[in-house]
Number of protein chains: 2
Amino acid sequence: MGKRVGKQSIKLDSKPKIISTYSVVGPKEGDGPLGKYFDLVLKDDLNGQKSYEKAESSILYNAITSCLKLANLKESDVNYLLAGDLLNQISSSNFAARDLDIPFIGLYGACSTMTESLGLGALLMEGGFANYIIAATSSHFSSAERQFRFPLEYGSQRHPTAHWTVTGAGAMLLGKEGNFPCITYVTTGKVKDYGITDANNMGASMAPAAIDTIKQHFLDTGRTPEDYDLIATGDLGKYGKDITLKLLKEYGYDIEKTYIDCGDEIYGTNQEVNAGGSGCGCSAVVDCGYIYKNIMSGKLKKVLILSTGALLSTTSTLQGETIPGIAHAVSIEFGE
Amino acid sequence: MGKRVGKQSIKLDSKPKIISTYSVVGPKEGDGPLGKYFDLVLKDDLNGQKSYEKAESSILYNAITSCLKLANLKESDVNYLLAGDLLNQISSSNFAARDLDIPFIGLYGACSTMTESLGLGALLMEGGFANYIIAATSSHFSSAERQFRFPLEYGSQRHPTAHWTVTGAGAMLLGKEGNFPCITYVTTGKVKDYGITDANNMGASMAPAAIDTIKQHFLDTGRTPEDYDLIATGDLGKYGKDITLKLLKEYGYDIEKTYIDCGDEIYGTNQEVNAGGSGCGCSAVVDCGYIYKNIMSGKLKKVLILSTGALLSTTSTLQGETIPGIAHAVSIEFGE
């Protein structure tokens with residue numbers, strides 16, 4: 001039985017295992033510096049579908065089913081699918097779930113969905129409710145761009161602090177047994193809003209939530225930055241990453257030596273993405289690809305991953321609302 | 001520790017308690033036959049806000065905080081808030097959560113959100129992860145109408161099988177102790193799609209999911225329709241209710257004597273709502289108001305509630321997709 005530690009964290013005594021992961025990315029992400037860590041790089045970001053929305057749903061379905069295949073499991077072996085995405089009414093996830101014979105719990109946490117689904121999945125495993133659970137999410141540059149920003153055909157000029165939504169889907173399969181990376185702590189975040197109104201500066205809107213959850217994780221668990229080989233936020237990008245580093249130092253936590261942001265890593269400096277990558281798929285593919293594979297190979301032993309979500313909608317922005325953020329943290333450990 | 005029974009259900013040995021509920025509805029819902037069961041009936045469905053979206057968020061916030069007050073608890077006593085709604089990027093829930101100092105798990109299950117949040121909350125209680133959890137959801141006629149259908153100013157004629165989205169929010173507070181109604185089983189649904197394409201006939205699109213989850217609940221638990229005083233689906237309306245009754249009879253389950261649909265009950269026949277009520281708020285306020293109060297007064301002893309969601313988006317419909325549905329079931333028992 002897991003037990004509560006501090007205000008927002010659960011220590012998982014059963015140590016649910018991540019027994020397989022799968023990542024699918026678009027051509028641009030495949031061309032980036034982490035390209036070799038992704039399981040499938042699409043040649044065409046429409047993935048043979050008639051719309052970008054259907055393409056996004058199809059890559060999420062692909063990530064989920066491929067993750068199952070890697071573990072030699074069938075859909076009927078899985079007790080829960082936890083998934084969500086950025087599209088209105090999480091349509092990518094709903095339509096992927098329609099084609100899967102797995103009980104489905106739909107989530108919305110914007111770009112925080114990878115650790116939201118993974119953390120919740122780990123709690124359900126720890127509670128003894130499941131043998132296998134899949135946590136998954138996706139995003140697609142072209143479906144997000146036309147839903148949240150402008151029609152692609154406009155060719156709008158991008159703001160220097162704007163992010164590039166990752167085309168990608170990631171899935172993680174949780175199980176009870178075997179020699180695999182374990183989930184040891186789950187820290188669930190609160191919604192934080194420091195009054196950012198610029199939808200082209202999402203890094204700044206999400207940084208307070210990332211800072212709050214990282215700080216709370218340390219307070220709850222008694223751990224320090226030195227306890228981790230790697231601390232990875234989701235998609236703060238270079239500006240949000242700078243804010244996070246600076247403010248955490250002011251709170252007395254210096255994470256500089258081990259800190260990366262998935263959005264800051266996924267594209268090269270020559271790829272013209274301004275602040276960096278974003279979208280649910282950003283931390284999903286970096287966590288499922290780069291980070292998981294480096295854990296499996298022994299290069300990383302203790303990792304804290306946080307996906308970070310900007311909880312805006314086009315309606316809330318048009319109605320003058322600021323942009324709240326949220327971040328959930330999951331500790332993964334292997335080989336000690 | 002809860003244990004899995006059958007394919008999709010968990011039996012909760014710790015029997016998490018619903019220690020308080022609160023329901024807020026609009027004027028039209030207050031005028032309906034269940035009006036006296038709701039805790040607060042608004043005089044103005046804008047609730048003093050500048051937009052319908054902000055109004056919806058404000059009534060959700062009101063339901064959550066009032067539910068806490070009824071139990072003499074503070075926000076800091078609550079370990080998780082589980083909530084979602086129909087709006088793009090669940091903005092009602094995100095903005096309500098922003099003003100609450102509670103770790104937040106955002107959900108999207110369309111109109112299935114009340115039992116999705118309640119069922120998940122019950123599992124987290126059973127896992128030993130929380131002392132108190134709030135499960136909540138909302139919908140608003142005017143925010144849903146203009147997002148999913150047409151601008152209100154058009155005064156569009158309504159299809160005979162169309163539903164009327166309930167303006168309402170409901171919250172349930174789960175705890176461990178006390179003499180309160182208990183949650184005994186949670187059955188998590190799968191996404192079902194029988195090819196309905198008419199967004200004006202959501203009852204028919206959700207009925208297959210309701211039927212599947214009810215049938216699975218009986219199979220998993222070994223219970224029969226006679227074990228329940230009341231079986232209540234969320235918002236199938238009169239047409240979806242008829243389909244559910246008829247098809248369940250074909251599967252060998254006759255639930256006619258104890259079956260109601262919240263969407264079929266919430267408005268009077270003189271209120272011109274065609275098929276009946278819908279929206280996340282529909283089952284939320286009927287469950288939190290009418291059903292919970294009748295359980296507390298001893299009129300109902302064993303109840304099975306199912307909220308039912310139609311997982312469409314305007315984009316999926318415009319792209320020619322059919323409408324998938326989902327339903328989650330929660331058993332509530334008291335006084336035996």
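These legends describe close-up views of a predicted model.

**View 1. A stacked aromatic pair in chain A.** Over all chains, 8 aromatic pairs are counted. A:F141 and A:W164 form one that is stacked, with 4.0 Å from centre to centre and 10° between the planes. The pair links distant parts of the chain. A:F141 belongs to helix α5 (residues 141-148) of chain A, and A:W164 to strand β8 (residues 163-165), 23 residues apart. A:F141 and A:W164 are both buried.

**View 2. A stacked aromatic pair in chain B.** B:F141 and B:W164 are stacked, at 4.0 Å centre to centre and 10° between the planes. Here B:F141 sits in helix α5 (residues 141-148) of chain B. B:W164 sits in strand β8 (residues 163-165) of chain B. These distant parts of the chain are linked by the pair, whose residues are 23 residues apart. Both B:F141 and B:W164 are buried.

**View 3. B:K28 over aromatic rings.** B:K28 lies over the face of B:W164, 4.0 Å from the ring centre. B:K28 also lies over the face of B:Y267, at 5.9 Å from the ring centre.

**View 4. Cysteines A:C280 and A:C111.** The structure holds 0 disulfides over all chains. For A:C280, the closest cysteine sulfur is in A:C111, 4.9 Å away, so the two are too far apart for a bond. A disulfide needs sulfur atoms within 2.5 Å. A:C280 counts as buried because its relative accessibility is 0%.

**View 5. Cysteine B:C182.** B:C182 is in no disulfide. Its nearest cysteine sulfur, that of B:C67, is 16 Å away. B:C182 is buried, with a relative accessible area of 14%.

Methods
Residues are numbered from 1 along each chain as its sequence is written. Chains are lettered from A and ligands numbered from 1 in the order in which they are written. This is a predicted model: local features need pLDDT of at least 70, side-chain atom pairs count only at pLDDT 80 or more; totals for chains, interfaces and linings use all residues. Side-chain values use heavy atoms; hydrogens and water are left out. Rings of Phe, Tyr and Trp (its six-membered ring) pair if their centres lie within 6.5 Å; planes under 30 degrees apart count as stacked, over 60 as edge-to-face and the rest as tilted. Helices (H or I, at least four residues) and strands (E, at least two) are DSSP runs, numbered from the N terminus. Buried means under 20% relative accessible area, exposed over 50%, partly exposed in between (1.4 Å probe, protein chains only). A charge sits over a ring if NZ of Lys or CZ of Arg is within 6 Å of the ring centre and within 35 degrees of the ring normal.
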